[in-house]
Amino acid sequence: MLEPATLTKIADDLAQAETDRTMIPRLTAQYADMTVEDSYAVQAEWVRRGTEAGRRLVGRKIGLTSRVMQEATGITEPDYGAIFEDMIFENGTEIEHDQFSNVRIEVELGFVLEKGLHGPNATIFDVLDATKYVVPALEILSSRIEMEGRTIVDTIADNAAMGGMIYGGNPVAPDSLDLRWVSALLYRNEVLEDTGVAAAVLNHPAMGVAWLANKLHQHGTVLEPGDIILAGSFTKPMWVHKGDTVHADYGELGAITCRFV
């Protein structure tokens, strides 16, 4: 583990980059011995500071759960980040592009929990039993660390590149359809850019939530009733620029639209 003072400095540098909408050099280039657990310690410090400042923690995101995302990033294991209430946008919202850095969009499903969920042995069946409903969601990626050559150590410390999320469409009970076959068409400015099927997330999107519950157990944390979990992307990241309109069509689950201004 890195020294506590070093972890604090990294958290400070990332906070400043978020404020300035800039990027810092890769952490793995600055701290060759930095580990995944160091990165989660930096993320935990960021969450602690946000909570102390009055932000409300409402859930988690899971990243790098699909082959397409692992190939896009060169990272081969999942990670997670925190979601605060002020990071959530409703369907049809105009979103300020400049509040993020390196803005990209991913297509996901959100699991809203009715019961708490904890490891170390959470299964897909536990996830489905704990879930109140599943809803279409888009994740906004925002990177505060230079992207070229980054590893999972860099990404985790950067709150898994979480910038925000948009939810919409039709919430459905988790047992009302086969979640593996939920599909989406992703448009930017009325041009179809990508398509995907939710089975790309570990063969079933609920498997990502089970992974999360078990990983959080290692860090002494559990998922609470009411938490929303972004289960992982089943499309590759799509770059978004100021003025772009994004539209994701989930078929019978409805659609999400937003515009970046």
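**A colleague's note on the predicted model**

1. The lining of the second largest pocket has nine nonpolar, three polar and three charged residues. Here Ala, Val, Leu, Ile, Met, Phe, Trp, Tyr, Cys and Pro count as nonpolar, Asp, Glu, Lys and Arg as charged, and the others, Gly among them, as polar. The space in this second largest pocket is about 270 Å³. Its lining has 15 residues, and V58, I88, V112, G226 and I228 are the closest to the centre. β1 and β6 (131–141) are the elements that give two or more residues to this lining. Pockets and cavities are found on a 1 Å grid over the protein atoms alone: a cavity is a set of points where a 1.4 Å probe fits but cannot get out, a pocket is an open set with protein on both sides within 12 Å along at least five of seven lines, and lining residues have an atom within 4 Å of a point. Grid points are joined across faces, edges and corners, and a volume is the space filled by probe spheres set on the points.

2. A word on how to read the values. This is a predicted model, in which local features need pLDDT of at least 70 and side-chain atom pairs count only at pLDDT 80 or more, while totals for chains, interfaces and linings use all residues. Residues are numbered from 1 along each chain as its sequence is written, and side-chain values use heavy atoms, with hydrogens and water left out.

3. Now the whole chain. The chain holds seven helices and 13 strands; helices (H or I, at least four residues) and strands (E, at least two) are DSSP runs, numbered from the N terminus. A compact globule of 261 residues would have a radius of gyration near 18 Å, and the 17 Å of this chain agrees with that. That radius is taken over C-alpha atoms, and the globule rule is 2.2 Å times the number of residues to the power 0.38. Along the principal axes, the C-alpha atoms fill a box of roughly 50 × 45 × 35 Å. Of the 261 residues, 52% count as buried, where buried means under 20% relative accessible area, exposed over 50%, and partly exposed in between (1.4 Å probe, protein chains only). Among contacts (heavy atoms within 4.5 Å) between residues at least 6 apart in sequence, 76% join residues at least 24 apart.

4. Helix α3 is worth a look. α3 covers residues 36–52, and its 17 residues should span 24 Å at 1.5 Å a residue; the end C-alpha atoms are 24 Å apart, which agrees. The expected span is 1.5 Å times one less than the number of residues. The buried residues of α3 are D38, S39, Y40, V42, Q43, E45, W46, V47 and G50. Their cover includes α1 (4–20), β1 (57–63), β2 (79–84), α6 (152–157) and α7 (205–218). After α3 comes G54, with a positive phi near 100 degrees.

5. α1 gives the largest share, four residues, and α1 and α3 each supply at least two. By class, six of the lining residues are nonpolar, two polar and three charged.

6. Helix α7 is mostly covered, with ten of its 14 residues buried. Among them are P205, V209, L212 and L216. The cover of the buried residues in α7 includes α3, β1, β2, β5, α5 and β10 (228–230). Just after α7, G220 has a positive phi of about 70 degrees.

7. Some backbone details to check by eye. The peptide bond from G119 to P120 is cis, with omega near 15 degrees; P120 sits in the loop between β5 (104–113) and α5 (124–130). N189, in the loop between β8 (183–188) and β9, has a positive phi near 55 degrees though it is not glycine. L202, in the loop between β9 and α7, likewise has a positive phi, near 55 degrees.

8. Lastly, strand β9 (residues 191–197) contains V197. V197 has a relative accessible area of 31%, so it counts as partly exposed. The C-alpha atoms of V197 and S183 are 4.3 Å apart, although 14 residues separate them along the chain. Leaving out residues up to four places away in sequence, V197 touches R180, W181, V182, S183 and F234.
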